[in-house]
Amino acid sequence: MNKKIVVVNAGPRKGWNTDTIITEAARGAEEAGAQIIRFDLFNLEKYTGCVSCFGCKKEANKGHCICRDGLTPVLDAIREADGLIIGSPNYLGEMTASFRALYERLVFQNLTYNRETPCCNERMIPVLLVMTCNSPDTGYQNLLQNYCATLNRFVGPTEVFVCGNTLQLKDYSKTDWPWSMFDPQAKIKRHETVFPAECRKAYQLGKSMVSL
């Protein structure tokens with residue numbers, strides 16, 4: 001039976017950096033024989049982050065968020081998956097609000113508050129966490145280490161892939177005022193020379209996930 005890999009895009013821009021990187025990772029997994037189940041969080045029905053109802057802390061619901069909304073099919077699919085690829089752009093030094101909503105619900109449902117068995121997830125799966133950002137990728141180690149540590153503990157062994165200094169626009173000259181913080185030509189050159197290599201790396205990471 002083919003492995004099932006859930007792919008989650010927590011960014012809003014189709015065809016741009018996050019979408020492209022996770023699509024390449026998904027292609028690698030699919031070509032290695034996996035079945036891909038994809039969700040684009042910005043296209044789902046209305047949903048929220050954790051509402052702290054503590055329904056998942058009851059024995060009958062252990063490991064299951066009881067809120068029923070647009071994230072329910074995503075959480076259900078991840079629970080049955082053999083791997084998770086999730087990507088988000090960095091907004092103001094953090095992942096998107098959509099990523100945070102899923103992250104809260106995904107992790108909290110497995111947290112028991114029990115010292116002896118703090119996690120009730122009995123089916124840990126490999127995770128590829130992708131972050132893209134328009135700034136250099138050197139300033140977010142603590143942020144990513146915290147996400148990685150939590151996902152390791154409650155979802156499964158997590159690998160982080162960061163794609164920094166990304167291209168934001170095809171033509172920076174068409175903005176209403178100069179985006180003088182950036183060097184448009186350097187951004188374009190990097191997108192043409194470095195970004196393809198990052199896509200190839202994402203492909204290999206997705207492919208490798210299938211053998212884990």
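This is a predicted model: local features need pLDDT of at least 70, side-chain atom pairs count only at pLDDT 80 or more; totals for chains, interfaces and linings use all residues.

Me: Then is Ala 32 buried, partly exposed or exposed?
Reply: Ala 32 has a relative accessible area of 33%, so Ala 32 is partly exposed, as that value falls between 20% and 50%.

Me: Where is Ala 32, and which residues does Ala 32 touch?
Reply: Ala 32 is found in the loop between α1 (17-31) and β2. Not counting residues up to four places away in sequence, Ala 32 touches Lys 207 and Val 210.

Me: How far apart are Ala 32 and Tyr 91?
Reply: In sequence, 59 residues separate them, and in space their C-alpha atoms are 32 Å apart.

Me: New topic: helices. How do α3 and α4 cross?
Reply: Two packed helices are described by the angle between their axes and the distance between the axes. Here, the axes of α3 (residues 97-108) and α4 (residues 141-154) come within 10 Å and cross at roughly 35 degrees. The crossing is left-handed.

Me: Which residues make that contact?
Reply: On the α3 side they are Phe 99, Arg 100, Tyr 103 and Val 107. From α4 come Asn 146, Tyr 147, Thr 150, Leu 151 and Phe 154. Sorted by class, the contact has six nonpolar, two polar and one charged residues.

Me: And which residues of α2 are buried?
Reply: In α2 (residues 72-80), the buried residues are Thr 72, Val 74, Leu 75, Ala 77, Ile 78 and Arg 79. These buried residues pack against the strands β1 (4-9), β2 (35-40) and β3 (83-91), and also against α3.

Me: What about empty space? How many cavities of 30 Å³ or more are there?
Reply: Rolling a probe the size of a water molecule over the atoms shows where empty space is left. A search of the whole structure finds two cavities of that size.

Me: Which residues are closest to the centre of the largest one?
Reply: Of the 13 residues that line the largest cavity, those closest to its centre are Cys 50, Cys 53, Cys 56, Cys 65 and Phe 108. By class, the lining has nine nonpolar, three polar and one charged residues.

Me: What lines the second largest cavity?
Reply: That cavity has a volume of about 40 Å³, and its lining consists of Leu 84, Ile 86, Phe 99, Tyr 103, Leu 106 and Leu 151. Helix α3 gives the most to this lining, with three residues. The lining has six nonpolar residues, with no polar and no charged ones. Phe 99, Tyr 103 and Leu 151 also take part in the contact of α3 with α4.

Me: What is phi at Asn 165, and where does Asn 165 lie?
Reply: Asn 165 has a positive phi of about 55 degrees, although it is not a glycine. Asn 165 lies in the loop between β6 (158-163) and α5 (184-193). With a relative accessible area of 29%, Asn 165 is partly exposed.

Technical notes. Residues are numbered from 1 along each chain as its sequence is written. Side-chain values use heavy atoms; hydrogens and water are left out. Axes are lines fitted to C-alpha atoms, for helices over the stretch in contact, and angles run from 0 to 180 degrees between N-to-C directions. Helices (H or I, at least four residues) and strands (E, at least two) are DSSP runs, numbered from the N terminus. A crossing is left-handed if the near helix is turned anticlockwise from the far one by less than a right angle, and right-handed if clockwise. Contact means heavy atoms within 4.5 Å. Ala, Val, Leu, Ile, Met, Phe, Trp, Tyr, Cys and Pro count as nonpolar, Asp, Glu, Lys and Arg as charged, and the others, Gly among them, as polar. Buried means under 20% relative accessible area, exposed over 50%, partly exposed in between (1.4 Å probe, protein chains only). On a 1 Å grid over the protein atoms alone, a cavity is a set of points where a 1.4 Å probe fits but cannot get out, and a pocket is an open set with protein on both sides within 12 Å along at least five of seven lines; lining residues have an atom within 4 Å of a point. Grid points are joined across faces, edges and corners, and a volume is the space filled by probe spheres set on the points.
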